[in-house]
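My notes follow, in the order I looked things up.

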Number of protein chains: 2
Amino acid sequence: MAKLCGRSTYRMERPPVVLSFAAVGGSKESQGPLADRFDYLSQDDLFGADSWEKAETKMQRLALKTAMNKGGLKKGDLNVLFAGDLLNQCTGSSYGLREFMIPFLGVYGACSTMSESLLMASVFVDSGLAKRAGAITSSHFCSAERQYRFPLEYGSVRPPTAQWTATASGAVILGETGPFPRVEVRHVCAGVIEDPGITDANNMGAAMAPAAACVLKRYFQESATAPSDYDHIFTGDLGEVGSKLLYELLQRDHIDISDRHQDCGLILFDQQRQDVHAGGSGCGCSASVLCCHILPEMLAGRYKDVILAATGALLSPTMVQQGDTIPGISHLVHLHFAEKEGD
Amino acid sequence: MAKLCGRSTYRMERPPVVLSFAAVGGSKESQGPLADRFDYLSQDDLFGADSWEKAETKMQRLALKTAMNKGGLKKGDLNVLFAGDLLNQCTGSSYGLREFMIPFLGVYGACSTMSESLLMASVFVDSGLAKRAGAITSSHFCSAERQYRFPLEYGSVRPPTAQWTATASGAVILGETGPFPRVEVRHVCAGVIEDPGITDANNMGAAMAPAAACVLKRYFQESATAPSDYDHIFTGDLGEVGSKLLYELLQRDHIDISDRHQDCGLILFDQQRQDVHAGGSGCGCSASVLCCHILPEMLAGRYKDVILAATGALLSPTMVQQGDTIPGISHLVHLHFAEKEGD
């Protein structure tokens, strides 16, 4: 049984094991530095569908199917799915995963959804409530732009702080046990909503940085660990602007993560060459980087302990139009590479 | 530690206790049959705010604050909140609960959100991951109508199958232990997405009935219980149309719940007098009926064992406009009234 440390850091007693994972991406992702690591890349951002929203549901379906196939798992092997996405009513998940007929618990954490889903899947597996649980999310540049900012046809000019929503999906399946070498979830930490008062939907990094700083600080304290205990600390999609802000905020508490921090939004794309301005973003950004970079690197033995703190801007265009701000949130997962029993 | 029975029924080993709860409602709710049971009713559906969306955030804040006050609890006493609502980006929750600074895990299950949140809060408390956890949700007639159907100003005529979204919020706080007599969560069961192919956003009852039938049938099987083991079986907001359909679907499997079934959507309003057509609906419907009717009746010793199966239509207006259907989901919670230790 997991143990509560402090307010909301949970130490797994029977650490859930990553059984399988898959990443799916679109055309821009296929030109990025991680292109050769994706399980499936489509040059057609519609994925053969007739709308961006339907394309996104297809991505999630494909990501989960691929993860299940890679792990040799059937629908009946999974007790529960945790999934959500950026589309209104989490359409990518509820429409994308309906055909699986697997018990489904919908999650909403904006771009923090991958770590929120993983957190919940870990808790269910560790507690014995699920033998196997899935965590899935996605985002699509075209469906997100028209929902959150402007329709693409409008040709809006993107400011330098703007980020590029990844057209990608990631799926991870956790289980009670699995063969070594393996990646395990050792800790999870649920974040609080932090609202720094940002009102610009083109400056999401700044809206999310305080939430990331808050969850990291609290996690180090409650788990009695320090940045030096981790090979890498990944944030979701703070991009360039948000990452700098994160360092500044943590330095106020004398925490320095700059020598081991990487932002998924700055890994997925080549910032200069691909014209993504401040970096990548979207639920699918951290989810796909987890599945096509972080987990493979860990399984290759190159990282032993990794923090993934996906970050979400709980942006409501309606509220922003009414003069309100953009609250942020970040949830954290600590992954550990175990080469053998007791490692 | 909870025990997994079958696919996704969890039997609590240390049943979480309902420590406190509160219901908040608007003007129509104040004219309904449950009016004198609400903790707070506002004749002003704007709740003093300048938009329907902001009014909804105020309702959630008020519901949680009232529940905390009634239970003598401070912010620091709660380890985690599970909340969501019908607004895009779950605005009611993320904007409404940001000031509490309590670790927050966002949930999306449309109108099934109350039982989904309660399910997760129960799992976290039972597993020892939270000493106390909150489950909160809301809906607002005016914000929901303009988001899902038509702006009120349009004066659209409502067909007989249409339901009336409740302007209400409910909050429940669960804890590891509490004084007798008390209500405990004994079982929870996560539902699957069922899509009966409905495309009419004014016929949500029909879209949700198969999901309710599915979760009830599976729960009875996995928990080895029958309808006769429960004093009452409440569904969320199937309304008149959906309830009839539910009986028909269950009768195919020789399950008869009609003598002990009530639908929250048919309790909150007086169908004839209040002109709500097929009944009430919305996340706030089952949440407020739970908090101002079901739990008080249980604590008064009138119901011993109760099932709450809130039902959600995972309706995406965008997908329906693109010719797609409305998938449904339902999650189930079994509440038990314990008069004394070992009861």
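These entries go from domains to a helix pair to the chain pair.

**Entry 1: domains.** I kept in mind that this is a predicted model. I started with chain A and its domain assignment, which gives domain 1 as 3-175 and domain 2 as 182-338. I then checked the spacing: the C-alpha centres of domain 1 of chain A and domain 2 of chain A lie 16 Å apart. For the contact between them, I got 58 residues from domain 1 of chain A and 63 residues from domain 2 of chain A.

Next I asked which elements of domain 1 of chain A each put at least two residues on the side that touches domain 2 of chain A. My list has the strands β2 (9-11), β3 (17-25), β7 (132-139), β8 (164-165) and β9 (168-175), plus the helices α3 (113-126) and α4 (141-148). Of these, α3(A) gives the most, with seven residues. I also sorted that side of domain 1 of chain A by residue type and found 29 nonpolar, 20 polar and nine charged.

**Entry 2: a helix pair.** I moved on to α5 (residues 204-223) and α6 (residues 239-251) of chain A. They pack at an angle of about 40°, with their axes 8 Å apart. Parallel or oblique? An angle under 35 degrees would count as roughly parallel, and therefore α5(A) and α6(A) go down as oblique to each other. I noted the crossing as right-handed.

Then I looked at who meets whom. On α5(A) the contact residues include A:G205, A:M208, A:P210, A:L216 and A:K217. On α6(A) they include A:G239, A:V241, A:L245 and A:L249. By type, the residues of this contact divide into twelve nonpolar, three polar and one charged.

**Entry 3: two chains.** How many residues of chain B are in contact with chain A? I got 50, facing 51 residues of chain A. Each giving at least two residues to the chain B side are α1 (52-70), β5 (80-85), α2 (91-96), β6 (104-106), α3 (113-126) and α9 (317-321) of chain B. That side comes out as 27 nonpolar, 16 polar and seven charged.

**Entry 4: symmetry.** I superposed chain B on chain A and got a rotation of 180° with 0.0 Å of shift along its axis, at RMSD 0.0 Å. That is the relation of a two-fold axis. In chain B, the C-alpha nearest the axis belongs to B:V107, 2.2 Å from it. Last, I compared the two sides: 100% of the interface residues of chain B are also interface residues in chain A, so the copies meet through the same surface.

Technical notes. Residues numbered from 1 in each chain as written. Chains lettered and ligands numbered in written order. Predicted model: local features only at pLDDT ≥ 70, side-chain atom pairs only at ≥ 80, totals over all residues. Domains from an automatic or database assignment. Contact = placed C-beta atoms within 7 Å. Helix = DSSP H or I, 4+ residues; strand = E, 2+ residues; numbered from the N terminus. Nonpolar A, V, L, I, M, F, W, Y, C, P; charged D, E, K, R; others polar. Axes fitted to C-alpha atoms, helices over the stretch in contact; angles between N-to-C directions. Parallel < 35°, antiparallel > 145°, perpendicular 65-115°, else oblique. Left-handed = near helix turned anticlockwise from the far one by under 90°. Least-squares fit on C-alpha atoms with pLDDT ≥ 70 in both.
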